[in-house]
Amino acid sequence: MKVCIAEKPSVAREIAQVVGANTKHDGYFEGNGYQVTFTFGHLCTLKEPNDYKPHWKSWDLNNLPMLPEKFETKVTNDSGIKKQFNIVKKLFDKADVVINCGDAGTEGELIQRWVLDQANYKGEVQRLWISSLTTEAIKDGFNNLQSSKKYDNLYYAGFSRAIGDWLLGMNATRLYTVKHGGYKQVLSVGRVQTPTLAMVVNRFKDIENFKPKPYWELQTLYRDTLFSYEEGRFTKVEEGQALATKVKEHDFEIVSTKKKNGNEYAPKLFDLTGLQVYCNTKFGFSADETLKIVQKLYEQKVVTYPRVDTTFLPNDIYPKVPGILDNLKSYSTLTQSLLGKKVKKSKRVFDDAKVTDHHAIIPTGIQINLQYNQQQVYDIITKRFIAVFYDDCKVSNTTVIGKADTVNFKTTGKEILSKGWRVVFETPNSKNTEAGLLPNFVKGEKGPHEPSFLEKETKPPNQFTEATLLRAMETAGKQVDNDELRDLMKENGIGRPSTRANIIETLFRRKYIKRNKKQVLPTVTGIQLIETIKNDLLKSAELTGLWEKQLKDIEKGEFSAGTFIHNMKKMVDQLVYEVRSEKNEAKISYTNNKTNTTKKKTTKKTKGIIAAACPKCKSGQLVKGKNAYGCNLYGKTCDFVLPFEFREKKISENQYQRLLDKGSTVNLKGFKIEGQNLEGLLRFDEAFKLKLEPKKTTIKSKSDNKNSCPKCKKGTIIKGKTAYGCSAYKEGCDFRFSYDDVRSKANGQTLTKELVFKILQNYTL
């Protein structure tokens, strides 16, 4: 009899259907020469300290360190688990061969090996290694069963990881609890959770201790385009003020314009961390929620194995791509252009060297009705998959240099020439406009401009969110935004993709961190614990990352499991000696978190512009009055005010905050001048009084006749939301030319302003 053992009952059911084991028994399925049974995750676990030595049950400094000579496993002490284990063992006792059908990864290998060991099975073991639960994938897997010995290194890595966590977790938790814990207080310390907590605490402290430094920016507005001083910001007001005075006295001149065409590649396929980051940022899902959703999608056969750390596919997947695309019927509008021709193959997607046990998360082609949250996750996985087979997005990056007298300014913009893969992510509400399109500047042109010289302050780093914390764990605390560099650093990340979400949830559960909307903040207890731990090895994300690298090297057969365990024992021994020698006792308690909450309520600073520095005198602070915000030195040495209402329009505090931070509000509607409604943005003039810059909606051209309405010849062309029209529409002119018609007439040409004018002027009644 062939006995298959899966990691979950649901997976066992799928395998049983494929191999023909259709008769259900208590704890297994049978038929066609197969018995298919299952675990519930970990049926077995490492023994407790007191299983080795009875006196290790006592939490006593004199019992530390606890360093077993040989680590052993036992069946978990749960009646349901013991019942299932006994069923499995009886099947193993009569088996001709056992087929390990555990999840194809380190943890899955470890779970089933411990069961095999605990059941004392000595016969032949084969390994089923699959990346999805589709019928085709399971059949292929059974046609390509491997000897279990091929995966011995994977087991050694998993066992070493578990032993390392036991050694550090058991010893360090008892050590710090007995030495520094308050009344009945357990202080949990772990190989991965402690450096993760340290990252959150250190970021929090960096922000609390941050002292903003002033700097000044010189900018100028020319033809509705903001140019910035080419050499950057000023740290001394005198340096910038001299140039600001100088540029006011001269017209602005365009020195050069450079356009450089380039490609933007489609976003990479998802690994688990990337998916968790995306879903936290876009949907607000916690890392744990995303993992549970994508695991369910895997069990429903609609996506491939999710607990992966690569964004690449192996070359043997390439022949299957057309079939997967063809089966994605719900996405036929996106896949239609890809079918019937050779599918694009890129090294950015297909690279055997970047794939180890599993490939990136992709759809299988099977489609079923999904719950809303599941559909959101499935949708982005599928669209990423489709997008990588589209053409690259073609862009034109423009850099314009201008000057006033001898002072150079620069601005940049981007024009999308061909959308390529971007169409995959467009929605019905997507704005179909060019991104960052600049006016057509000509070298040598001159004109008036509006310079501004504003004081700003350096800002602290942002608090962690779950998304940024996951990325920090992935790169061992280093700030890395580049996808290619991040891939290179993954081997030294802390934790594994499959466990990072659980590590973060554990820190929440143990009240070391807390949520503040999307922010992840440390509690007082968390801060105290990190401050109390003096040993840098315990807190260092980088050094913990090196341990992870060693574990991966064990998987590859390039590092000894015995050496890893020996080094961990040595470190624990040294740690115990150091902490036992400490004279101070911190007496940390979770109750401190409540005290912290009360303090925060009484010392909480008011958000917004209130108490911000006065932008005019720099000495006073902004306060809120009945009708305006103003400087608290108003009437004494300063006259700065920000009225609640300007030109018959109420201005929100957020817009005033933006004005203070960035030098202008966004374009706002509802201003009234002489009875006419206007749209525009607010800036400060030289005296820090508000001034309105109306939004210019007419299309400018050097030749007036090009700007005139081609139908009535009286009005001028104006740009609306979906079409061009005539400014004399109130007088009866019904000229209208939609953006779609303009694009159609352009026949694939780049839509420059000159081309648009030409198309509109050729308008025929």
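Author: Before we start, one definition: helices (H or I, at least four residues) and strands (E, at least two) are DSSP runs, numbered from the N terminus. Also keep in mind that this is a predicted model.

Reader: Fine. Let's start with the peptide bonds: which peptide bond is cis?

Author: The general idea is that most peptide bonds are trans. Here, the bond from Leu64 to Pro65 is cis, and its omega is near 0°. Pro65 sits in the loop between helix 2 (49-52) and strand 6 (73-75).

Reader: Is Glu648 buried or exposed?

Author: Exposed counts as over 50% relative accessible area, and Glu648 has 56% relative accessibility, so Glu648 is exposed. Lys511, at 48%, is partly exposed.

Reader: On to sheets. In what order do the 7 strands of the open sheet stand?

Author: Strands of a sheet pair through backbone hydrogen bonds, either parallel or antiparallel. In this sheet the order is 2-3-4-1-7-8-9, and the pairing is mixed. Strand 2 and strand 9 (146-147) are the edges; each has a single partner strand, so one side of each lacks a neighbour in the sheet.

Reader: How do strand 2 and strand 3 pair?

Author: They are antiparallel: strand 2 (residues 23-25) and strand 3 (residues 28-31) share 3 bridges. Find His25 and you'll see Tyr28 of strand 3 opposite. The two strands make a hairpin with 2 residues between them, and Gly27 in the turn has a positive phi of about 90°.

Reader: How many bridges join strand 3 to strand 4?

Author: There are 4, and strand 4 (residues 34-38) runs antiparallel to strand 3. Tyr28 turns up again, this time opposite Thr37 in strand 4. Strand 3 and strand 4 also form a hairpin with 2 residues between the strands, where Asn32 takes a positive phi near 60°. Over by strand 9, strand 8 (residues 124-127) pairs with strand 9 in the antiparallel sense over 2 bridges, and Arg127 stands opposite Gln146 there.

Reader: What about the open sheet of 3 strands: which are the edge strands?

Author: That antiparallel sheet has the order 19-20-21, with strand 19 (622-624) and strand 21 (641-643) at the edges, each pairing on one side only. From one strand to the next the twist averages 20°. Strand 19 and strand 20 (residues 628-631) run antiparallel and are joined by 3 bridges; Leu622 has Cys631 in strand 20 as its bridge partner. Helix 22 (residues 653-662) packs on this sheet and touches strand 19, strand 20 and strand 21, its direction making about 145° with that of strand 21.

Reader: Helices next. What should the 29 residues of helix 6 span?

Author: At 1.5 Å a residue, helix 6 (residues 152-180) should span 42 Å, and its end C-alpha atoms lie 41 Å apart, which agrees. Of those 29 residues, 23 are buried, so helix 6 is largely enclosed by the rest of the structure.

Reader: At what angle do the axes of helix 24 and helix 25 cross?

Author: Angles of 65 to 115 degrees count as roughly perpendicular. The axes of helix 24 (residues 739-746) and helix 25 (residues 753-761) cross at roughly 100° and come within 10 Å, which makes the two helices roughly perpendicular. Val742, Lys745 and Ala746 of helix 24 meet Leu755, Val756, Ile759 and Leu760 of helix 25. By class, the contact has 6 nonpolar, no polar and 1 charged residues.

Terms used: Residues numbered from 1 in each chain as written. Predicted model: local features only at pLDDT ≥ 70, side-chain atom pairs only at ≥ 80, totals over all residues. Heavy atoms only, no water. Pairing = 2+ DSSP bridges. Buried < 20%, exposed > 50% of the residue type's maximum accessible area, 1.4 Å probe, protein only. Expected span 1.5 Å × (residues − 1). Axes fitted to C-alpha atoms, helices over the stretch in contact; angles between N-to-C directions. Parallel < 35°, antiparallel > 145°, perpendicular 65-115°, else oblique. Contact = heavy atoms within 4.5 Å. Nonpolar A, V, L, I, M, F, W, Y, C, P; charged D, E, K, R; others polar.
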